[in-house]
Every structure is written in structure tokens, then in C-alpha cells.
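Q: I have a model open and would like to learn how to read it. Could you take me through it, one feature at a time?

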Amino acid sequence: MKKTSIINYQLSIIIAALLMCGTAFAKDLSVAYIDMSYILKNLPQYEQANEQLSMLSKRWQKEIEAAQQEARVMATNYQTEQIFLSEAMRVQREQEIVKKEQEVLDLKRKYFGQDGELYKKREALIKPIQDEIYNAIQDLANEKRIDVVKDRSADPSLIYMSSKLDVSDQVLRKLGAK
């Protein structure tokens with residue numbers, strides 16, 4: 001019993017010392033916040049890139065829907081004509097329907113898959129904008145001697161933040177946005 005109380009006492013001293021060191025360190029740390037969604041919303045080039053991606057996505061979706069409709073028509077026609085077809089014709093038509101359905105799946109993968117065209121296009125359009133924002137944030141942090149810049153739109157645990165710590169508008173000015 002005596003041994004545990006001594007260990008608890010020693011642990012509480014160590015924890016208190018660590019908390020004091022952490023507090024001292026935090027006082028010297030300069031922190032600022034940005035709101036990335038606000039910054040992106042106020043960058044015309046980001047809106048243009050999103051519009052371009054949306055148009056491509058809609059065009060590809062229409063292409064996929066047209067292929068799906070074609071497969072549905074083929075299947076419907078097959079079911080209607082099935083009783084009039086020879087065994088060889090039935091097998092051939094079934095294979096054509098399966099082939100068309102596979103084409104639909106391939107189109108979906110090609111355009112919207114993990115490494116699909118939409119991903120590649122988004123990477124080509126959005127990544128340079130993100131890099132530009134990152135460089136502006138880094139420049140601002142160096143100028144203002146800010147140690148840490150956090151994104152408040154990505155931090156669900158952030159409950160309150162003083163508006164003095166928000167440097168989003170300063171980042172926008174560095175990017176040349178109005």
C-alpha cells in the first residue's frame with residue numbers, strides 16, 4: 001500500500017513538471033489559423049477548375065448513362081425475342097449483353113475509378129492551386145514569424161478561435177485575390 005502511494009506521488013510530480021514545460025513551450029509558440037474552404041471559395045481559379053471538373057463529370061456521366069440505356073434495351077429486346085431465337089442466337093445475344101454491361105463498368109472505372117480520368121484531371125487542375133496556397137501560407141508564416149498554421153475548417157475539435165489568429169485574408173492577398 002505504501003509503495004503505490006509513493007509511486008503515485010512520484011508520477012504526479014513528473015506529470016506536473018511535464019505540464020509546466022509544455023505550458024512554457026506553448027507560450028513561445030506562435031500559432032495562426034486559416035480557413036481553407038474560405039480561401040478556396042474566394043479564388044477564381046479554383047472556382048474555374050471546379051466548374052471544368054463538373055462539366056467533364058457530367059459529360060462522362062451522360063456517356064455512361066447512354067451505354068447503360070443501350071444495355072437495358074438489348075436486354076429487354078432479348079427477353080422479348082428469346083423464345084423465337086435458336087440456342088446459338090440466344091448464346092450470342094447473351095454474350096453481347098454481358099459485353100455491353102462490361103463496357104459500362106469499364107467506362108465507370110476509366111472515368112471515375114481510383115486512378116481514373118476525373119482523378120487525373122482534378123490532380124492537374126487543383127494541385128497547382130493547392131501548391132500556390134501552401135507557398136503563400138509558408139511565405140506569410142516566415143514574414144510574421146508564425147510557427148504553426150492550422151486549418152480551422154479541417155479541425156473538428158476547434159471550438160473557439162480569436163479572429164486575431166485568422167490569417168485567411170492575408171493569404172488571399174498574397175495570392176492576389178480580391
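A: Let's start with helix axes: these are lines fitted to C-alpha atoms, for helices over the stretch in contact, and angles run from 0 to 180 degrees between N-to-C directions. This is a predicted model, where local features need pLDDT of at least 70, side-chain atom pairs count only at pLDDT 80 or more, and totals for chains, interfaces and linings use all residues. Residues are numbered from 1 along each chain as its sequence is written, and side-chain values use heavy atoms, with hydrogens and water left out.

Q: At what angle do α3 and α5 pack, and how far apart are their axes?

A: Two packed helices are described by the angle between their axes and the distance between the axes. Here α3 and α5 pack at about 175°, and their axes are 10 Å apart. Angles under 35 degrees count as roughly parallel, over 145 as roughly antiparallel, 65 to 115 as roughly perpendicular and the rest as oblique. That is why α3 and α5 are roughly antiparallel to each other.

Q: Which residues of α3 and α5 meet?

A: Contact means heavy atoms within 4.5 Å. On the α3 side you'll find, among them, Tyr-46, Ala-49, Leu-53, Leu-56 and Trp-60, and the α5 side includes Leu-118, Leu-125, Ile-126 and Ile-129. The residues of this contact of α3 with α5 divide into nine nonpolar, four polar and four charged. In that tally Ala, Val, Leu, Ile, Met, Phe, Trp, Tyr, Cys and Pro are nonpolar, Asp, Glu, Lys and Arg are charged, and the others, Gly among them, are polar.

Q: How do the axes of α3 and α4 cross?

A: Their axes come within 10 Å and cross at roughly 165°. So α3 and α4 are roughly antiparallel to each other too. Their crossing is left-handed, meaning that the near helix is turned anticlockwise from the far one by less than a right angle (clockwise would be right-handed). The contact of α3 with α4 is made up of 12 nonpolar, four polar and 10 charged residues.

Q: Stepping back, what is the pattern along the chain?

A: Helices (H or I, at least four residues) and strands (E, at least two) are DSSP runs, numbered from the N terminus. The chain has six helices and two strands, in the order α-β-α-α-α-α-β-α. Among contacts between residues at least 6 apart in sequence, 79% join residues at least 24 apart.

Q: How many residues does α3 have, and how far does it reach?

A: The expected span of a helix is 1.5 Å times one less than its number of residues. For α3, with 38 residues, the reach from first C-alpha to last is 55 Å, close to the 56 Å expected. Helix α4 has 26 residues and reaches 37 Å, close to the 38 Å expected.

Q: Which residues of α4 are buried?

A: Buried means under 20% relative accessible area, exposed over 50%, and partly exposed in between (1.4 Å probe, protein chains only). In α4 the buried ones are Arg-93, Ile-97, Lys-100, Val-104, Leu-107 and Tyr-111. An α-helix has 3.6 residues a turn, so residues three or four places apart point the same way. The cover over the buried residues of α4 includes α3 and α5. In α3, the buried residues include Leu-53, Trp-60, Ala-67 and Tyr-78, and their cover includes α2, α4 and α5.

Q: What does Ala-67 touch?

A: Leaving out residues up to four places away in sequence, Ala-67 touches Lys-100, Val-104 and Leu-107. Ala-67 sits in α3 and counts as buried because its relative accessible area is 8%. Ala-67 and Leu-107 are 40 residues apart along the chain, with their C-alpha atoms separated by 8.9 Å.

Q: Is Arg-93 buried or exposed?

A: Arg-93, in helix α4, is buried because its relative accessible area is 19%. Beyond its neighbours within four places in sequence, Arg-93 is in contact with Asn-77, Tyr-78, Glu-81 and Leu-85.

Q: Where does Leu-43 lie?

A: Leu-43 lies in the loop between α2 and α3, and at 2% relative accessible area Leu-43 is buried. Not counting residues up to four places away, Leu-43 touches Ile-129, Ile-133, Leu-172, Leu-175 and Ala-177. Leu-43 and Ile-129 are 86 residues apart in sequence and 9.0 Å apart, C-alpha to C-alpha.

Q: And what phi does Arg-145 have?

A: Arg-145 has a positive phi of about 55°, although it is not a glycine. Arg-145 is in the loop between α5 and β2, and counts as exposed because its relative accessibility is 70%.
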